[in-house]
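Take a walk through this structure, one stop at a time.

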Amino acid sequence: AAAPPPRRALKKKESTDETVESAADAAQPASLLQQPKLPVVKHPRRTKTGWKRETGKTKEEKAAYLFLRASDDEFKRMYRLYVEVVEGDLTLDEETRLLVEGLFGAFKELHGALAEVDEVHPTDERLANITKCALHLSEAAKAVASNRMTGGYFAEAISVLSGASRRGFSPKEALAEFDKHLEVITKKRENRDAYLLQTATDGRGGRDTKGRDIRVDAVTTRAIREAGAERRRALANGERKPRYGSSATEPTHTRAHRIDLAHRKKRAKNRSHRFACAQNAKAVATPQFCRPRGVRGDGMPLFSTDSRLVPKGRDNRPLIAEEAAARAVEHRAEKGKKTLAEKAADRRAGGLPDNVRPSRAKSRAGQYYVRVSVLVRKGRKAKKMMSVVKPGTDGYYASKKAAADVRDEWIKKGRPESWMAKEGF
């Protein structure tokens, strides 16, 4: 065996007079106010999966679906018109052929009628628009013949141009809008296809019947999708009857509504149970002025500020307890909302005793009444506001001191219910 090549000798570093102490001094910052720079913490990035998680339809996607649905309806309307003339059932190929032949026949007759007239000056805007649509359709047909356009796109363009000709819309703008919406739908479907492809090989996340996170393997995922596809195929072929009729009736609507309410109640119960379990596991209490807003992937509960305390336009995305509590204080201060304790302190600073309120009625100007909070029913947390009316009085008192004396007397007597009356009596 051949001997390995000799290793190259490393160059010796030139010695310096720098000592260990001088090197340590050089590493220190020049000022106590200047902190030494720490290394940047780099979080490991998730590998790109080729698809992004969907969070519902955006405004652009909703508009695209509405446009394509209107185009589909226009195609079906044209199909029904030609079916009235042709007898028998038509396949999709025959349907497209008749649509194309019928449209070209109508446009040909239109061009023939216009060609017989010398110096045509159409005054009807709709007639001129139909002519423009005919020219666009002729160009599209040439593109299909030269393989520069697919037949499916041509069939959709027919319905778009038909709707544009009937509504007096510019065919160029209609096709441009159709292309824009078609690109949005194509991207969404490509993202969906990438998700289906990856989860069919790697599995996916899911929830069990109690709302807990589980992992569904690839075999189960494919089996569920195949079973769903088989049910849809049997339903389309008539081998399987739909759960509800084609038209909603009162019994079926009531039943579906009842099932939907039960399903929502069950999901809310599972969600609250999952959040309570996460709170107990992490020993995290709900911060003041905050509301529960779900659980993070690592099991950490998230919170957001109560919607009544959030200023308009401010961020209120779910955060962990410490960050949510700090943000809630900022929201409340910016909104100008005060707590009950702060309001009571302001009233005391203004010389108003506890539970004593000035009357808002013009006929009772300068008078005061006693307002207290009592339980609606024993054993329940619900409360309502009541007024304290001393027997022999109408419940309004001439001064703050007189109202405070009535309050103290009512407390000393054990808060008798006979002194209670509905607030604003």
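A salt bridge is a side-chain nitrogen of Lys or Arg within 4 Å of a carboxyl oxygen of Asp or Glu. Side chains of opposite charge can pair when their charged atoms come close. This is a predicted model, in which local features need pLDDT of at least 70 and side-chain atom pairs count only at pLDDT 80 or more, while totals for chains, interfaces and linings use all residues. Residues are numbered from 1 along each chain as its sequence is written, and side-chain values use heavy atoms, with hydrogens and water left out.

Start with the charged pairs. A search of the whole structure finds 20 salt bridges. One of them joins Asp-213 to Arg-274, with the closest N and O atoms 2.8 Å apart. This pair links distant parts of the chain, 61 residues apart. Asp-213 sits in strand E2 (residues 213-216), and Arg-274 sits in helix H8. Helices (H or I, at least four residues) and strands (E, at least two) are DSSP runs, numbered from the N terminus. Asp-213 has 48% relative accessibility, so it counts as partly exposed. Buried means under 20% relative accessible area, exposed means over 50%, and partly exposed lies in between (1.4 Å probe, protein chains only). Arg-207 joins in too: Arg-207, Asp-213 and Arg-274 are linked in a network of salt bridges.

Two further pairs are worth a look. Asp-346 forms a salt bridge with Lys-338, and their closest N and O atoms are 2.7 Å apart. Asp-346 is partly exposed at 40% relative accessibility. Lys-338 is partly exposed as well, at 45%. Asp-408 pairs with Arg-407 in a salt bridge, at 3.1 Å between the closest N and O atoms. Here Asp-408 is partly exposed at 31%, but Arg-407 is buried at 15%.

Now find a charged residue without such a partner. Arg-327 lies in helix H9 (residues 321-335). Arg-327 is buried yet has no salt bridge. Which side chain of opposite charge is nearest to Arg-327? That is Asp-315, 4.2 Å away. For this count, Lys and Arg are positive and Asp and Glu negative, while His and the chain ends are not counted. Leaving out residues up to four places away in sequence, Arg-327 touches several residues, among them Phe-303, Asn-316 and Leu-319. Contact means heavy atoms within 4.5 Å.

Next comes helix packing. Helix H6 (residues 171-202) and helix H7 (residues 218-237) pack at an angle of about 130 degrees, with their axes 6 Å apart. H6 and H7 are therefore oblique to each other. The contact includes Tyr-195 and Leu-196 of H6, and Thr-221 and Arg-222 of H7. Axes are lines fitted to C-alpha atoms, for helices over the stretch in contact, and angles run from 0 to 180 degrees between N-to-C directions. Angles under 35 degrees count as roughly parallel, over 145 as roughly antiparallel, 65 to 115 as roughly perpendicular, and the rest as oblique.

The structure holds zero disulfides, a disulfide being a pair of cysteine sulfur atoms within 2.5 Å. Cys-277 is partly exposed at 38%, whereas Cys-290 is buried at 3%. Phe-289 lies in the loop between helix H8 (250-282) and strand E3 (290-295). Its phi is near 65 degrees, a positive value in a residue other than glycine. Phe-289 is buried, with a relative accessible area of 19%. Arg-415, in the loop between helix H11 (400-412) and strand E8 (420-422), has a positive phi of about 55 degrees although it is not a glycine. Arg-415 is partly exposed at 48%.
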